[in-house]
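Morning, everyone. One structure today, and I'll keep it quick. Please have a look at the screen.

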Amino acid sequence: MFQSLTSLPADPILGLMANYRADDNPKKIDLGIGVYKNENGDTPIMTSVKKAEEIILNSQTTKSYVGPTGAADYNSIVGKLLLGDSLVSSLGKRRITVQSPGGCGGLRLAAEFIKSANPDATVWVSDPTWANHVPLLGSAGLKIESYPYYDYATHSVRFDEMVDCLSKVGSGDVVLLHGCCHNPCGADLNQEQWQQICDLALKQGFTVLIDLAYQGLGDGLEEDVYGARLLASALSELMVVTSCSKNFGLYRERTGALTVISDTDAAAAIATTQIAAAARAMYSMPPDHGAAIVQLILSDTDLRKEWDAELTSMRNRINGLRTQFVKKIQEVGISEDFSFIEREKGMFSFLGVNVDQVQTLVNDYSIYLVNSSRINVAGINDQNIDYLATSLSAVLKT
Ligand code: LMR
């Protein structure tokens, strides 16, 4: 039976990670997969996470099953991290939060949930969007369409075209928005634009799904959820997928959540049963370790303070690198304007070079980035920034 299968290409992001690891060029630079890196190019375990892990190791008394919707205390505390105390209390039982295996698992849960609610739903994704959105949502059987989002020439959001396109989307369809730190382009909606999207959702009746994988890595923990909170307070229905991969550095622990706001308490109770059944059918229940760490950190005053400070320094480092990189680009004599990199948010920006130039950077310079020219800014450091800028300068001249 298996002879009928043909081999598939490597995932465009995960494949880069493997190629980078196999490259023995001492000058190699990893600007590929979206993981935070410190000034030494390492992705360390956060100190708050290490401390929480130690406490858990010494105090945990059982490894018995938790359940398909995950740990109730984790769900409660990550719901509050996303929405804040007052919104959580005003939404009451209309809001549910369900633990998921990372942000990917949360997105897939959302897709299954959408599919049960409306098998004919189309999910509208931004052009461009994260490379894995389409397979993740599409393999659940949902139709995918895109709306204009990023203007490669002006390095800004094509907001008028986005609104024009979404003005034709109606009830029963879903619009996927990036909550902050847009992946791959780093160009986010401003507060006024969030308000307009909110008004449009109310007028058109489409349902919004927000992917929020980078809370705390753009402008701040509160600032980065501005749009999500605005929509959560104004719309009768909303789905938000959050991830603890980046802001807690828990990538391999697969820790995330799906928050669903329904129009009534009764509808929310039904949603819980649907999501629990979807989880059970796919993976039975989410892994516990990462969630236990997050729950402990967020509920312990000292650990939370320490985590917040660590996250702040990660965010500041990324924002500082954006400024430093733009300056270095000017210093090496590149005449093209790269100042947009400083305006964009989170880990990613497009370099704006073409696929051939990307391939030259990868093959001739061992500088790893996605074909779209997306770079992970956190991969830049004091040791590699000169080599990066001079290599880019050489490639731009080809
Ligand atoms: C990325 O976009 O690089 C990250 O979200 C990691 C991944 O799974 O693709």
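Which residues does the UniProt annotation "domain: Aminotransferase class I/classII large" cover? Residues 27–392, according to that entry, which is unreviewed. Keep in mind that this is a predicted model.

Now a strand. Take β9, residues 238–243. 6 of its 6 residues are buried, so the strand is largely enclosed by the rest of the structure. In a regular strand, side chains alternate between the two faces of the sheet. In β9, L238, V240 and T242 point one way. M239, V241 and S243 point the other way. Both sets are buried. Who pairs with β9? Strand β8, residues 207–212, does, in the parallel sense, over 5 bridges. For D211, the bridge partner in β9 is V241.

Next, a helix residue. L311 sits in helix α12, which runs over residues 301–331. Is L311 buried or exposed? Buried: its relative accessible area is 1%, and the cut-off is under 20%. Leaving out residues up to four places away in sequence, L311 touches M46, Q215, G216, L217, L221 and N247. L311 and K246 are 65 residues apart in sequence. In space, C-alpha to C-alpha, they are 9.4 Å apart.

Last, the surface. L5 lies in the segment before α1. L5 has 61% relative accessibility, so it counts as exposed, the cut-off being over 50%. With M1 and F2, L5 forms a nonpolar surface patch. Together they have about 450 Å² of accessible area.

That's the tour. Thanks.

Notes: Residues are numbered from 1 along each chain as its sequence is written. This is a predicted model: local features need pLDDT of at least 70, side-chain atom pairs count only at pLDDT 80 or more; totals for chains, interfaces and linings use all residues. Side-chain values use heavy atoms; hydrogens and water are left out. Helices (H or I, at least four residues) and strands (E, at least two) are DSSP runs, numbered from the N terminus. Buried means under 20% relative accessible area, exposed over 50%, partly exposed in between (1.4 Å probe, protein chains only). Contact means heavy atoms within 4.5 Å. UniProt positions are given in the numbering used here, feature names are shortened, and annotations may be inferred rather than shown by experiment. Patches are made of residues with over 30% relative accessible area and no salt bridge: like charges are joined within 9 Å, nonpolar side chains (Val, Leu, Ile, Met, Phe, Trp, Tyr) within 5 Å. Accessible areas come from the Shrake-Rupley method with a 1.4 Å probe; for residues, only the protein chains shown count as cover. A salt bridge is a side-chain nitrogen of Lys or Arg within 4 Å of a carboxyl oxygen of Asp or Glu. Two strands pair if DSSP finds at least two bridges between them.
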